[in-house]
Amino acid sequence: MKETVLETYGLTKYYGGTLALDHMDLKIPRGCICGFVGRNAAGKTTAIKLMLGLLKPTDGSAKLLGCDSQNLTPAIRQRIGYVTEGHRLFRWMSIANLEKFQRAFFPKQWDDSFFAEMIEYFELPKNKKIKHLSNGQRAQVSLALALAPNPELLVMDDPTLGLDAAIRRQFLEGMIQLIMQQGRTVFFSSHILGDVERVSDRIVVIDKGVIRADCSLEQFREAVKKVKLSFSDCPPARLDIEGLLYCRRSEKELELILIGTDDEKIKQWADSAAAIKYSIVKMNLEDQFIEFTAPPNHKKLFQWEKN
Amino acid sequence: MRFLALLKKEFRECLPWLLIAAIAFLVLGGLALRLMIQSGSTFSYPYRLPPGSAISTFRLTVHSPLITTGVWLFFISIVLGLALGIRQFFLPHFSRTWGFTIHRSINKLTILCAKLFVAAIAFIISLGIVWMVIYWYASLPEILPFPPEPRLFMEGWILIAMGFTVYLGTALAGLNKARWYTTKVFPLAFVLVIIVTTVSQWKLSTAFAVMLIGSLILLSQIIHTFLNREF
């Protein structure tokens with residue numbers, strides 16, 4: 001069995017009376033590339049900050065590389081790379097200054113040639129100050145700074161937020177460079193499902209502070225299904241189908257979101273409910289995520305959506 | 001090496017304020033001294049002796065230049081304290097760089113020590129050295145007919161220490177995550193009490209003791225808050 005590098009037990013966080021994270025249990029094995037996805041304000045940043053000991057949990061605990069997150073020693077922190085949300089770096093420093101600053105904290109691990117390669121790959125001007133870099137360039141510097149010390153565990157908080165598609169791709173390719181090194185674990189939050197699909201082998205879905213899914217990407221892709229059923233008359237009131245997450249009704253149609261229900265069972269239920277037609281709608285990961293985390297009767301954004 | 005990297009970073013961040021304070025004090029203090037030497041005015045300085053002495057009080061005649069310079073020293077020292085406190089403890093919050101700063105292979109207390117150490121050095125370099133230069137200049141035999149009182153020199157250092165106390169208060173206010181603004185700036189109200197109490201002391205040693213005790217209280221709170229706060 002693979003060693004666990006990141007684990008949380010009932011991790012809970014309240015901000016005053018607001019629940020931000022609700023009893024999060026998670027175990028990330030070594031070598032895993034885990035995409036931590038959720039909508040805005042789902043609790044992703046809170047969870048990451050709790051894991052890194054930057055916030056204090058209301059209840060529960062987290063362990064990184066076997067060390068309690070509230071007491072991470074300098075030696076343990078040295079083995080963890082962290083890319084902050086929004087790539088917040090010291091604005092007055094140039095890339096060269098930042099490299100020097102960061103290198104001082106990793107005297108034995110820092111890989112000069114790797115850092116230089118990444119800076120060259122991203123075509124970053126080394127003497128330019130952070131405040132004069134674009135959002136995308138700051139993200140690239142952030143990644144290079146986090147990767148150059150060769151971290152065993154890389155934790156990234158929404159690293160591709162605000163980047164255009166080309167920069168995002170370049171950023172992810174930089175990340176893949178790390179992934180290719182054996183034994184490296186990456187835990188990154190995102191709300192861009194395409195990014196998660198591209199690099200992750202595991203997906204953790206968080207919604208309103210609660211972990212809703214924790215499985216391999218393939219399992220998630222297979223599990224979340226949307227089924228459309230048409231009826232000659234009113235659809236049945238009672239929906240006793242296994243794995244039903246929620247349904248949307250119209251006059252003669254039903255739209256079901258199902259979790260883990262196999263196709264044969266869907267067919268059997270459609271027959272028993274006297275549906276005249278049924279179809280399993282193909283969805284990409286983003287659609288699946290939206291359906292999975294959407295409230296059952298989500299409000300219309302605009303009045304004209306009624307029609 | 002790690003502590004040195006932190007010191008360099010903190011020093012570089014404080015450097016503009018340090019230079020502004022040093023230049024401002026040198027220019028304003030020096031100018032005040034020069035103008036007053038030219039006008040030749042004096043200042044009658046009240047001096048109180050310990051209880052039981054044959055004479056309870058007397059008035060010491062000194063040249064007002066150093067008093068005028070002291071006013072500038074007091075003002076610049078307080079502004080420097082506020083500026084450094086805001087730079088080191090408010091700005092990382094607004095620029096959201098605490099996460100990047102704290103996630104280092106070094107313990108939190110060392111990060112805090114680097115900040116406090118650099119601020120103390122900034123006060124010594126920018127105001128302390130300039131004050132020493134001004135006092136030394138005023139003490140030259142050909143400058144003033146009465147040599148400046150050594151007490152004035154020590155009072156200058158107490159004014160510089162007041163600025164450092166203001167810095168500690170601002171630091172604590174910056175670290176304080178209190179929801180209410182009045183609670184957040186409470187450390188500055190405490191600093192005001194320290195300053196008023198210090199200024200009202202006649203004995204330099206008592207004034208110094210008040211300042212020291214107040215600063216130690218603030219320092220203990222800063223350490224406690226920094227080690228336990230969320231970033």
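## Ground rules

This is a predicted model, where local features need pLDDT of at least 70, side-chain atom pairs count only at pLDDT 80 or more, and totals for chains, interfaces and linings use all residues. Residues are numbered from 1 along each chain as its sequence is written, while chains are lettered from A and ligands numbered from 1 in the order in which they are written.

## Strand β9 of chain A

Start with β9(A), residues 202-207. Helices (H or I, at least four residues) and strands (E, at least two) are DSSP runs, numbered from the N terminus. Five of the six residues in β9(A) are buried, so the strand is largely enclosed by the rest of the structure. Buried here means 20 or more other C-beta atoms within 10 Å of the residue's own, with C-beta atoms placed from the backbone.

Strands count as paired if DSSP finds at least two bridges between them. β9(A) pairs in the parallel sense with β3(A) (residues 33-37) over four bridges, and A:V205 in β9(A) sits opposite A:V37. With β10(A) (residues 210-216), β9(A) runs antiparallel, joined by six bridges; A:R202 has A:S216 in β10(A) as its bridge partner. Two residues lie between the strands of this hairpin, and A:K208 takes a positive phi near 50°.

## Helix α5 of chain B

Over in chain B, α5(B) covers residues 150-175. Its 26 residues should span 38 Å at 1.5 Å a residue, and the end C-alpha atoms are 38 Å apart, which agrees. The expected span is 1.5 Å times one less than the number of residues. Of those 26 residues, 19 are buried, leaving α5(B) mostly covered.

## Confidence

The model scores ipTM 0.80 and pTM 0.84. Mean pLDDT (the predictor's confidence in each residue, from 0 to 100) is 86 for chain B, with 87% of its residues at 70 or more.

Key. A residue is buried if 20 or more other C-beta atoms lie within 10 Å of its own, exposed if 12 or fewer, and partly exposed in between; C-beta atoms are placed from the backbone.
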